[in-house]
Amino acid sequence: MSTQHAAPHSAAPSEAAQTRRAVSNILKGSAGNLVEWYDLYVYTVFAAYFQAHFFNSKDELQAGLEAMAVFSTSFLMRPIGSWFFGRYADRNGRKAALTLSVTLMSAGSFAIAVLPTQDVIGIWALVLLILIRVLQGFSVGGEYGTSATYMSEAATSKRRGFFSSFQYVTLVGGQMLALLVLVILQNTLGDGLLKEWGWRIPFAIGGVAALVVLWLRRSMEETVSEEQVQAAKAPASSGEAQPGTLRLLFTRHWKPLLICIGVTLGGTVAFYTYTNFILKFMNDTSGIAKTDTSVINFWALFIFMLLQPVYGIISDKVGRKPLLLWFGITGVLFTWPLLSTLAGTKDPFTAFLLMMGGLLIVGGYTSINALVKAELFPASIRALGVGLGYAIANSLFGGTVPLIGAALQKSDQVDVFFTYVTIAIGVSLLVYIFALKNKKTTHLDREQGHAWSGTAASGVPAGAPAVAARKGDDDDFVNA
């Protein structure tokens with residue numbers, strides 16, 4: 001790999017200084033992730049309270065199905081958002097892409113907060129809701145790949161698993177924050193006011209929070225080298241693909257792209273099952289009150305969030321592959337028992353233990369999946385490769401979980417849903433077994449071999465990702 005770096009002008013910083021710098025950048029990068037995923041999840045968390053304002057159906061299950069269908073439409077834009085922001089980040093820098101992404105999400109949240117209902121503007125209420133969700137799906141499509149890339153590049157090499165795990169700390173934190181807002185509003189406003197106008201409050205909160213993150217991200221360090229930015233702007237040489245282009249991705253790095261999709265498939269289905277759809281699943285199948293299911297979800301997700309760095313630390317010690325195998329094997333074995341038992345339970349504590357069991361399994365994937373994908377690609381194509389690979393799998397499989405689950409639930413075929421989740425995890429397990437190796441030198445290892453040797457004159461950390469990988473780097477796509 002080409003690794004031409006600017007000459008440092010200062011001595012290598014101490015390990016403590018490296019860690020402080022990494023922590024600062026990770027916090028600024030992950031704060032936006034928290035807000036973006038809060039804004040995404042707040043829709044499903046409050047769907048039961050606002051669905052009557054946008055959907056005509058008097059059947060609560062049918063209205064819920066229609067609400068989840070709108071939720072799923074946002075996933076249709078994920079691949080497009082990942083392509084746009086991935087290309088933008090690889091060619092203009094991670095900071096610029098992350099700033100643009102959170103700006104769009106903020107605008108979408110404010111729009112929903114003030115959106116007129118069908119009683120006021122008729123069918124246009126639903127049309128506008130769909131358009132706003134599509135815009136937010138476009139934004140989140142770009143956030144995942146770019147933030148995964150940025151956090152992996154900003155982390156110190158020995159603690160890369162630990163630092164990068166904070167992407168899912170904030171991702172889960174976004175959903176947990178949405179649930180916390182729900183619990184507070186349920187206990188202060190009650191169902192009546194929540195259904196009347198209180199459902200607008202969480203969207204307004206998301207819009208304001210995004211503006212705060214926009215201010216924080218102004219002081220983020222950039223991890224893309226000036227060399228890569230200049231190469232992206234320069235006219236393409238004959239037969240040479242530029243950084244951040246589909247041509248470079250599809251001609252030189254199609255193998256890791258396929259691996260990225262395979263790594264994501266089962267993980268995203270399991271993640272959305274146990275963190276997103278499960279709230280509606282418990283409300284519809286158990287005898288537990290809605291207020292109790294919200295509390296169960298909140299505390300289970302809170303513990304799940306705190307466990308992400310623990311899994312990350314373990315991966316720094318033993319490698320990434322053992323954790324993925326933990327997720328794949330236990331997911332295949334225990335998905336059916338956990339979900340089928342949860343469907344019939346009426347005891348809140350039992351439901352909490354069952355949900356927690358599922359999340360302990362999924363943690364083997366969530367904590368390190370962003371890093372595993374980032375390690376597959378060189379800097380010149382990393383944001384696009386990670387984002388597009390994730391978005392394709394997420395749009396086809398993860399994003400459709402609430403819709404598929406709700407449809408099978410309505411047709412009294414929930415057992416088929418359990419089978420679907422199990423098979424999806426099984427497919428990814430095959431990828432973990434046969435396409436990944438443990439503790440292999442990765443693109444990030446090669447790029448960051450001198451990443452902490454000083455600070456380049458351009459303001460980019462010396463050793464920051466170089467322009468492009470040498471031909472043949474795909475031979476190294478198996479890693480973990």
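**Salt bridges, helix packing and a surface patch**

Student: Quick one to start: is Glu221 buried or partly exposed?

Tutor: Glu221 is partly exposed, with a relative accessible area of 21%, where buried means under 20%, exposed means over 50% and partly exposed covers what lies in between, using a 1.4 Å probe and protein chains only. Please keep in mind that this is a predicted model, in which local features need pLDDT of at least 70 and side-chain atom pairs count only at pLDDT 80 or more, while totals for chains, interfaces and linings use all residues. Residues are numbered from 1 along each chain as its sequence is written, and side-chain values use heavy atoms, with hydrogens and water left out.

Student: Which side chain does Glu221 meet in a salt bridge?

Tutor: The partner is Arg21, at 3.6 Å from N to O, a salt bridge being a side-chain nitrogen of Lys or Arg within 4 Å of a carboxyl oxygen of Asp or Glu. Glu221 sits in the loop between helix 11 (200-216) and helix 12 (226-233) while Arg21 belongs to helix 1, so this pair ties together parts that are 200 residues apart in sequence. Helices here are DSSP runs of H or I with at least four residues, numbered from the N terminus. Arg21 itself is buried, at 17% relative accessible area.

Student: How many salt bridges does the count come to?

Tutor: The count comes to 8 salt bridges. Among them, Asp316 pairs with Arg320, their closest N and O atoms being 3.1 Å apart; Asp316 is partly exposed at 22% relative accessible area, whereas Arg320 is buried at 8%.

Student: And which residues do salt bridges with shared partners join into one network?

Tutor: That network consists of Asp90, Arg94, Glu153 and Arg382. Within it, the side chains of Asp90 and Arg94 meet at 2.6 Å, N to O, and Asp90 is buried with a relative accessible area of 0%, as is Arg94 with 0%.

Student: Changing topic: at what angle do helix 1 and helix 14 pack?

Tutor: Helix 1 (residues 15-45) and helix 14 (residues 254-285) pack at about 65 degrees, with 11 Å between their axes. Those axes are lines fitted to C-alpha atoms over the stretch in contact, and the angles run from 0 to 180 degrees between N-to-C directions. Helix 1 contributes Trp37, Leu40, Tyr41 and Thr44 to the contact, and helix 14 contributes Phe271, Tyr272 and Asn276, contact meaning heavy atoms within 4.5 Å.

Student: What about Thr422, which residues is it in contact with, leaving aside neighbours within four places in sequence?

Tutor: On that basis, Thr422 touches Val332, Thr335 and Trp336. Thr422 is part of helix 21 (residues 414-435) and counts as buried, with 15% relative accessibility.

Student: Last topic: which residues form the nonpolar patch on the surface?

Tutor: The patch is made of Ile123, Trp124, Val127, Leu128 and Leu131, which together have about 490 Å² of accessible area, computed by the Shrake-Rupley method with a 1.4 Å probe and, for residues, only the protein chains shown as cover. Patches are made of residues with over 30% relative accessible area and no salt bridge, like charges being joined within 9 Å and nonpolar side chains (Val, Leu, Ile, Met, Phe, Trp, Tyr) within 5 Å. Val127, one of these residues, lies in helix 7 (residues 124-154) and is partly exposed, with a relative accessible area of 31%.

Technical notes: Helix = DSSP H or I, 4+ residues; strand = E, 2+ residues; numbered from the N terminus.
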